[in-house]
Amino acid sequence: MTTLYRIICLFGGYICGLLETGVIYGKLKGVDIRKSGSGNTGTTNALRVLGPKAGLVVFLGDFLKSFIPCLIVRFLFKPDYPDTFLLYVLYTGFGAVLGHVFPFYLKFKGGKGVATIAGTIVGLLIPKMILILLVLFVLVVALTKYVSLGSILLMVEFLTLYITFAFQGWLCFDPDVSSSRSAMIESIIVAALFAALSIARHRTNIVRLLQHKENKLHFKHTEEAEK
């Protein structure tokens, strides 16, 4: 039964992740975001192509499509699985990220999943982790103006913190219960998949960062884009 729950969470998350906020908002403004800027459907490209308002709308949409499902799964599973429910939350979030990154109706070409991953991280409801990651991301972007660098370091730190918190016993898992301990290890693997997928999606950014050719944060806001 628990295997079925994993599948349901993963598939349900994928369906929620298919809501491509950037594509929808762009069409409302008469702009195909996939053919503008970097061609990415996520927050950063929406910010650069359509301006701050679009960036905020797209971020919130992509954030909520994982955050809300994760909260629902937490609410449903925590009463019956108090020492393993975070695993199901992670599967749901990972499904949402896959839906965002690989939407079947857009020929599997979506965004990089940063906002959707952020929704999952916040959906885990681990205050210390959320605060540390938020401060890290804001500082890196503020100091370097590289959103990609902030996103990459965010995922590395997320995985590091998750593993640390898990082995310190600060999460829901009970190390004295074999099933809970196994779920903890599995959850670390899923968290590692989050990080690996995000970093892989940023591979071209990594190359440009190493070559000092990466674009710094700026946004293009034209009257035409707002029509």
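A: The count comes to four salt bridges, a salt bridge being a side-chain nitrogen of Lys or Arg within 4 Å of a carboxyl oxygen of Asp or Glu. Side chains of opposite charge can pair when their charged atoms come close. The model is predicted, so local features need pLDDT of at least 70 and side-chain atom pairs count only at pLDDT 80 or more, while totals for chains, interfaces and linings use all residues. Residues are numbered from 1 along each chain as its sequence is written, and side-chain values use heavy atoms, with hydrogens and water left out.

One of the bridges joins Arg6 and Glu186, at 2.8 Å from N to O. Arg6 belongs to helix 1 (residues 2–17) and Glu186 to helix 9 (residues 178–201), so this pair ties together parts 180 residues apart in sequence. Helices here are DSSP runs of H or I with at least four residues, numbered from the N terminus. Arg6 is buried, its relative accessible area being 17%. Buried means under 20% relative accessible area, exposed means over 50%, and partly exposed lies in between (1.4 Å probe, protein chains only).

Asp62 and Lys65 form another bridge, at 3.3 Å from N to O. Both sit in helix 4 (residues 52–77), three residues apart, which means about one helical turn separates them. Asp62 is buried at 1% relative accessible area, and Lys65 is buried at 5%.

Arg208 also bridges to Glu214, with the closest N and O atoms 2.7 Å apart. Here Arg208 is partly exposed at 30% relative accessible area, whereas Glu214 is buried at 9%.

Methods:
Helix = DSSP H or I, 4+ residues; strand = E, 2+ residues; numbered from the N terminus.
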